[in-house]
Amino acid sequence: AGRLASGVTAESEIYTPAPPNAAPAITSTARLYVQTGVPERFTITTTGSPAPSLTESGTLPPGLGFTPGADGTAAVAGTPRASRTVTYQVTVVATNGVGSPAVQQLRISYTSAPRITTRPELSIEVGKKLDWTLRSAGLPTPSMSESGALPPGIAFHAGAGGTATLVGSVPAGHAGTYPITLIATNGVGSPAVQQFSFVATAPPAPPVTVPVTPHSPSGLGYLYATSTGQLVAQGDTALLPPLDGAHPSGVVAAAMTTDLHGYYLVTAGGGVVNYGDAHWYGSNAHRRLATPTVAFALTPSGNGYELVTRAGNVFHFGGAGWYGSPVHLRPAPVTAFAFTPDGRGYWVVTARGNVFNYGDAGWYGSPAHQPVGRITAFAPTPDGRGYWLVTSSGTVLHYGDAGYYGGIAGRRIPPVVALAPTEDGHGYWIVTARGNVFNFGDARFFGSSAGTRLSGPVTSFVPLF
């Protein structure tokens, strides 16, 4: 300030020193998630003096572009289009003439909504230790949580990689079914929700051989069918001969009408061939099935039947009702199927021992989480309040009011393919692929094909009462 010729003046000068030079650094995250068809704008930020300039090299997802700014930033923006490549990696470089350039590998990934990949049921015996992994999938990796009351002694622990665990053991006296809800979230779309059934089963009763009066054998006889359509009859009744003199091939099941004047043969392709007074209600012969037919059952009244595929599809014909199927659960291969006594429900059973019950079919336990071997056959008790399962090696497992009368585990025998109870449920037959017939309880022995060369392996066994 001071005086000029023109008078007093007031002036000032402000000095601002330049900031010190600083090498560039990229401060924004190195991971970007995008979604097909959803507009995206991601800002890359930096520090350094002077303000860095940004460049990019590499291939961006289709629909996205790279635009540098003037203030040390750049934008990755656009609407991503569909791509078979899940993750793209580009190189971002920041330079300002000070020190070395900053380099970042930016990973750009397409997101996917979370989904739960664990099957929705778990069964474990009371008192046994559990360490069960629950799994989910999606991008970013989901986190899992649960709601609902777990059994006493069981804890839920969220883990890494989209997993969680159920650990502990259920104390005695707490057998039952405990429904919980599993939830997987990753910020994409809606959370995945699954209704999960935790079943704590009571320990099986020790095998008790039920005494049987030796003078009350059950049954008139039995027949069994081979994969080639050969029929073998044993006992006091004559088998109705085929009407056309020929049988189909690829036979997986056989069934007799209630008056013993007709029978059915069923093929892996879903064909149903009827003989005698057996009524034909339809078949899957002209359907393109994803998996073969493995089981067949005639309704107790004989007015319809069900065909079941290895994947768990249940097809109903005639007066047979449809009550559900486990196909959406992607179960282990289905091996057996049976109606309840009144035909208003049924069981679908897998090779691992999963027992799925529908309609008025009760659930009395299963060996699904026990190392018992491959389950090949299943049969309910006459009142439907229990059932037997048998493994290919001849181990008999019994639940509900099903009694234990013996098994053939430990013998050197061909694979077991069938178990059939007697009319009163106080005994059963076990049959192998070569036609060996073993009788237990009040089941009567009428003979077998153990020493006979059959045209193919036995696939089905039908007792006659």
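Okay, let's start with one spot: Ala338 sits opposite Trp347 in β29. This is a predicted model, so local features need pLDDT of at least 70 and side-chain atom pairs count only at pLDDT 80 or more, while totals for chains, interfaces and linings use all residues. Residues are numbered from 1 along each chain as its sequence is written, and side-chain values use heavy atoms, with hydrogens and water left out.

Back to that sheet. Strands pair here if DSSP finds at least two bridges between them; β28 and β29 (residues 345-350) have five.

Now the inside. The largest nonpolar core has 21 residues, and Leu134 and Phe196 are among those with the most contacts inside it. Such a core is a set of buried Ala, Val, Leu, Ile, Met, Phe, Trp, Tyr and Cys joined through side-chain atoms within 4.5 Å; buried means under 20% relative accessible area, with a 1.4 Å probe and protein chains only. There's a second, separate core of 19 residues, including Phe42 and Val90.

Last, rings. Phe, Tyr and Trp rings (six-membered for Trp) pair if their centres lie within 6.5 Å; planes under 30 degrees apart are stacked, over 60 edge-to-face, the rest tilted. The whole structure has 25 aromatic pairs. Tyr264 and Phe296 make a tilted one, 5.7 Å between centres and 45° between planes, and both are buried.

How values were computed
Buried < 20%, exposed > 50% of the residue type's maximum accessible area, 1.4 Å probe, protein only. Helix = DSSP H or I, 4+ residues; strand = E, 2+ residues; numbered from the N terminus.
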